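User: Please take a close look at one part of this model, the protein surface around one of the DNA strands. Which residues and elements make up that surface?

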Number of protein chains: 2
Amino acid sequence: MVDESAVPGGRRLRADARRNRELVVAAARTAFAEDGLAISFDEIARRVGVGVGTVYRHFPTREALFEAVLLDRVRQFVADAVALADADDPGRAFLGFVTAVIDQLALNQALCEALEASAGVGFETAPTVERDFLDAVGTLLRRAQQAGAIRSDLDVVDVRDILVACATAQRRASRRGGTSRLVAVVCEGMTSAEDARS
Amino acid sequence: MVDESAVPGGRRLRADARRNRELVVAAARTAFAEDGLAISFDEIARRVGVGVGTVYRHFPTREALFEAVLLDRVRQFVADAVALADADDPGRAFLGFVTAVIDQLALNQALCEALEASAGVGFETAPTVERDFLDAVGTLLRRAQQAGAIRSDLDVVDVRDILVACATAQRRASRRGGTSRLVAVVCEGMTSAEDARS
DNA sequence: GACTATATGGAGGGATCTCTCCGGTTAGCA
DNA sequence: TGCTAACCGGAGAGATCCCTCCATATAGTC
């Protein structure tokens, strides 16, 4: 977690600036989750009740705002994955991680978009975070595969696709007041015995 | 397939109008497939090399253009599903249908968006087509479930979610020059024996 | 070739979004 | 309390996009 009371130069923000910054972050957190990364700065400023200039001063780019609002979530995923890396039951650890991440992603449109991007907003200012994520998930995956719990033809990029796909389906389902069974299907498919593979 | 040489009133289009209409349809087909339903009319006009007024005259709304360009695809899906409704092997029929539709959807961004919408562009001018689609897929699904080939807790909405999710993953994978294994995982998960269901 | 219904292009008005700039305001300090 | 650096709001320029309108061009017909 970065110290939000200081600007990169180290100088301490004035009280009103700090207050506005926090309001912007809070509004952006909600807006990103609901509407994704495409939310306009005008709209964020309108919701907070400040001028758009104030938003731009604190966050010159959409990436900067993303970093302040959402990057910690991804870092938390990495930490969770690392913590599970030497679990007793690698298959259970992997599936637990996957379903937990899907639940989080389903609540957050922007996080899905950033994760699936490869060509989008999100990790420009912190290029290693995406790699850390894939590395940590890859470790969990490999251990689960070595334990025979997960089909061996999957790679970490497949897993990322699966996370995003399931989260998207889950979010759509919850909008219509239900739950997507895609998650259950995918977990079943990832764990089932290896045969009839092309 | 509608007769594209006539307007709804039945009057025959002038030759230049017919030519332009076809150019617009061709450009829209490509643009929809690549960029989805959000492609602007200005952009389509620019690609065709006509004025934007010409595009609007032929297709007053995005839905009208969608209908001219893509609705036949959905109708074809329905026809395929109906044709498979009394296949000898319902499980095989269902899975074959699903993978074929995914392959088509993966080539067409707009078709995915329309199918997943519920709240989007696409079926406004032909409201029965979406229902026909769900009905036909539902029939295939039920027969496959009765034959014990597909897990019984899935409904047709799950299947629609699965189609869109797999197609999206497939398209992303093909953009990076590969193939998504999500389809294989999902097929495995849909067919596996019923146990450990929550 | 002339006439006319039909079709065309693109200007234009309204809306939204991005990002910058600067006159006015205020927090924090002496 | 008064000063000043820091901060604020929002106007405004430039870029799209949507959709309409009408002067101009032309296909089809006589």
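Analyst: A residue is near a strand if one of its heavy atoms lies within 4 Å of it. The model is predicted, so local features need pLDDT of at least 70 and side-chain atom pairs count only at pLDDT 80 or more, while totals for chains, interfaces and linings use all residues. Residues are numbered from 1 along each chain as its sequence is written, chains are lettered from A and ligands numbered from 1 in the order in which they are written, and side-chain values use heavy atoms, with hydrogens and water left out.

DNA strand D is surrounded by 22 residues, and the closest are A:Arg14, A:Asn20, A:Thr54, A:Arg57 and B:Arg62.

Phosphate oxygens of DNA strand D take part in polar contacts (pairs of N or O atoms within 3.5 Å). A polar side-chain atom of A:Arg57 is 2.6 Å from one phosphate oxygen, and a polar side-chain atom of A:Asn20 is 2.7 Å from a phosphate oxygen. At A:Gly51 a polar backbone atom is involved, 3.2 Å from a phosphate oxygen.

Both chains supply elements with two or more residues at this surface: α1 and α3 of chain A, and α1, α2 (41-48) and α3 of chain B. Helices here are DSSP runs (H or I, at least four residues), numbered from the N terminus. The most comes from α3(A), which gives five residues.

By type, the surface near DNA strand D has eight nonpolar residues (Ala, Val, Leu, Ile, Met, Phe, Trp, Tyr, Cys and Pro), eight charged (Asp, Glu, Lys and Arg) and six polar (the others, Gly among them).

Key: A polar contact is a pair of N or O atoms within 3.5 Å; within protein, one must be able to donate a hydrogen and the other to accept it, and residues adjacent in sequence count only if both atoms are side-chain atoms.
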